[in-house]
Amino acid sequence: MEGLITVPEPVFLAQQVLNGLSFGALLFLLASGLTLVFGLMRIVNMAHGAFYMLGGYIGVVIATLTGNLLIAVIAAIVAVGVTAFLVEVVLLRFVRGQEMPEVLLTIGVSFVIADLCLAFFGGDPQNLPNSVRIPGALAVGDLVYPWYRIFVIGLAVAIGVALALVQSRTRVGAIVRAGVDDREIISAMGVNIRWVFTGMFVVGAALAAIGGTIGAGMQSILPGVQNEVLLYALVVIIIGGLGSVPGAAVGSVLIGLIDAFAKAWIPELAYFTIFLPMALVLVFRPTGLFGKAA
Amino acid sequence: MSNRIVETRTVRTFGPPRRDRVQLTNMALLALLLVAAIALPYLGASGFMVSLASTILIAATLASSVNFLAGNGGMVSLGHAGIAAASAYGAGWASQQGMDPGMQVLVALGMTLLASFLYGLLSMRTSGIYFLMVTLAVGMLIYGLAFRLSSVTGGENGISGIERFEWLDSYWTYYYFVLGVFVLATAALWIVSNSPFGASLRGIRDSESRMRSLGYSVRSYKLGAFMISGSVAGLAGLLAVWHTHFVSPSSAGVDRSVHLIVMVILGGVGTLLGPLIGAAVVVMVENLLSSYVDRWPTLLGLIFILVILFARAGIAGSAGKLFRRLRARSKAASSPEGDAPGGAAAPPGDRHAVHQGKDPQ
């Protein structure tokens, strides 16, 4: 840590806090989709990391071609959304309501997507080209921090607020909330819950795709990344409580900060430090911080 | 509430097939396979083939440990590769410190018990999806330690040059050793599955609340089951590291654990021969087919998806079903197929009740 020697301590702290928040923002994009899908459909989508990966690769390719981040994000959303739609309609519907086969099926899907990504995009780490990233850095006194990462934090906050508003203020949100509480009643009231499920699955995957494209500007997309991000997302939603979006937000920030400081101070135990809070939560509050009692 | 229904259904779809005559057929098949396996090095199989057979047997041992938990306890673990890797790293570390193979075994055993206890402790409160996620997370923790704690584990390069006992040096003696361990481990797991302990586990799988109200300590049963399963997994880890003389972080990775699940589901959850069949298919796809087909993981993934969609009972389970159906058809007219009542699934508490009922006092 040469930063520790040359830069005064408060600046280092501020930098790590910002690192933690921006990584937490990325985690929130991932975990919110995962937790929303679980809340409604009771599926832990193990292909979520693969959706992130696919979104990242497509985002990088389109961003390199067009030089426009917005087009890249939209392309990634469309591609991953279509993939998720097919997975839901062609595969998951056949095992609806059977917890374990559903999860195992998504594991198989993750396997296939990750391997096909390797076939199409190769094994080299890929990043967003510099041209599409927001240039420059924020400078406050001695603190210098890239604008792009601050943009990621802003985006995650915006998406979080949007999700909360849609859930609490719109008709679609009301249908989803009703579906979480009681599927039978909502379908008896004339809502086709199957398509609500499909829609939610696609929205969850789209959030992963946004995370993948935006995240490719912070950390490389490469084979194996699907498992790593899935793991972080799982830890976040276990801590926050499965199905809870506020829980995902709190869990993301917590894990983001812990991870940033752990990587700076005790890099040898980097993974260990995110499992400690998870283990503690599991032991003392198995439903997570914001989870409803089963 | 809807969660409860889901859980019960899951259990039904993944439970083992009824065990009566099937078991006998299994034993006969197993004896036949055993003879074939013993004869393998004498049938002109090349060193490569015998070594591949060892790989299959090691994978099958590991898959059996996953199968034990999934079949009896309904606990699908996505982190068993981590236990095997902990054991393998234990042996590797001991070998690096210049210890002899005997000490390697001891260190590996210690690591195995430690890892299994950690897994069990964290997962014993959970079931179903939560169990899967917790085991996945602990597995990744071990992967992370193997990867980052490079002062002990050698980081990405792993530890190489791990030597087994001298009397196991040649590839075919080692093959027989692996075969012996596999047979013993399978037999041990089979005995435990058919003991009152196994019956209680199946009771917990089918209804945790019922077993709790009967006075069973569900958590200690789960922990115990994990320790048993973990011990077998650790054994497989030691066998693997002696086989390849090498251990690296990828042996603890999620992909390995997923492969194990694929083996178990492919072969048939809760069946005796399932893990061996599944391991044979997966290892052969991985080692033989991979030289012809670049995209073998895709192929494996597709096979896995198809099995879950269409042949939930796996290869061994489906074969058993087919066998029973044929049998039932051949004597369709004579008598309706009757299952042995109660039998294996009755918890020891029931036996007690019967006993007390008979008592004149």
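**The core and the parts around it**

A: The largest nonpolar core has 198 residues, and those with the most contacts inside it are A:V80, A:A233, A:V235 and B:A137. A nonpolar core here is a set of buried Ala, Val, Leu, Ile, Met, Phe, Trp, Tyr and Cys residues joined through C-beta atoms within 7 Å. A residue is buried if 20 or more other C-beta atoms lie within 10 Å of its own, exposed if 12 or fewer, and partly exposed in between, with the C-beta atoms placed from the backbone. The model is predicted: local features need pLDDT of at least 70 and side-chain atom pairs count only at pLDDT 80 or more, while totals for chains, interfaces and linings use all residues. Residues are numbered from 1 along each chain as its sequence is written, and chains are lettered from A and ligands numbered from 1 in the order in which they are written.

Leaving aside neighbours within four places in sequence, B:A137 is in contact with A:L231, A:L234, A:V235, A:F275 and A:M278. Contact means that the C-beta atoms of two residues, placed from the backbone, lie within 7 Å.

Next comes the contact between the chains. Chain A gives 37 residues to it and chain B gives 38. On the side of chain B that touches chain A, the elements giving two or more residues are α1 (2–14), α6 (128–148), α12 (254–267) and α14 (296–310) of chain B. Of these, α6(B) supplies the largest share, 12 residues. Sorted by class, this side of chain B has 25 nonpolar, 8 polar and 5 charged residues. Ala, Val, Leu, Ile, Met, Phe, Trp, Tyr, Cys and Pro count as nonpolar, Asp, Glu, Lys and Arg as charged, and the others, Gly among them, as polar. The element names follow DSSP runs numbered from the N terminus, where a helix is H or I with at least four residues and a strand is E with at least two.

Helix α6(B) itself has 21 residues and reaches 30 Å from its first C-alpha to its last, close to the 30 Å expected at 1.5 Å a residue. The expected span is 1.5 Å times one less than the number of residues in the helix. Of the 21 residues of α6(B), 19 are buried, so the helix is mostly covered.

Another residue to look at is B:I265, which lies in helix α12 of chain B. B:I265 is buried because 31 other C-beta atoms lie within 10 Å. Apart from neighbours within four places in sequence, B:I265 is in contact with A:L104 from chain A and with B:F304, B:V307, B:I308 and B:G314 from chain B. B:F246 is 19 residues away from B:I265 along the chain, and their C-alpha atoms are separated by 28 Å.

Now for chain B in general. Chain B has 16 helices and 2 strands, and 47% of its 361 residues count as buried. Among contacts in chain B with a separation of 6 or more, 78% join residues 24 or more positions apart. B:T61 counts as buried because it has 28 C-beta neighbours inside 10 Å. Not counting residues up to four places away in sequence, B:T61 touches B:V181, B:F182, B:A185, B:V232, B:L235, B:A236 and B:L239. B:I159 is 98 residues from B:T61 along the chain, and the two C-alpha atoms are separated by 23 Å.

Chain A has its own helix α6. Helix α6(A) (residues 147–169) has 23 residues and reaches 32 Å from its first C-alpha to its last, close to the 33 Å expected. Its buried residues are A:Y148, A:R149, A:V152, A:A156 and A:L163. These pack against α2 (9–41), β2 (143–146), α9 (193–215) and α11 (245–265) of chain A.

Two of those partners can be followed further. Strand β2(A) runs antiparallel to β1 (residues 137–140) of chain A, and 4 bridges join them; two strands pair if DSSP finds at least two bridges between them. A:V144 in β2(A) is the bridge partner of A:A139. Helix α2(A) has 33 residues and reaches 47 Å from its first C-alpha to its last, close to the 48 Å expected. It is followed by A:R42, whose phi is positive, near 60°.
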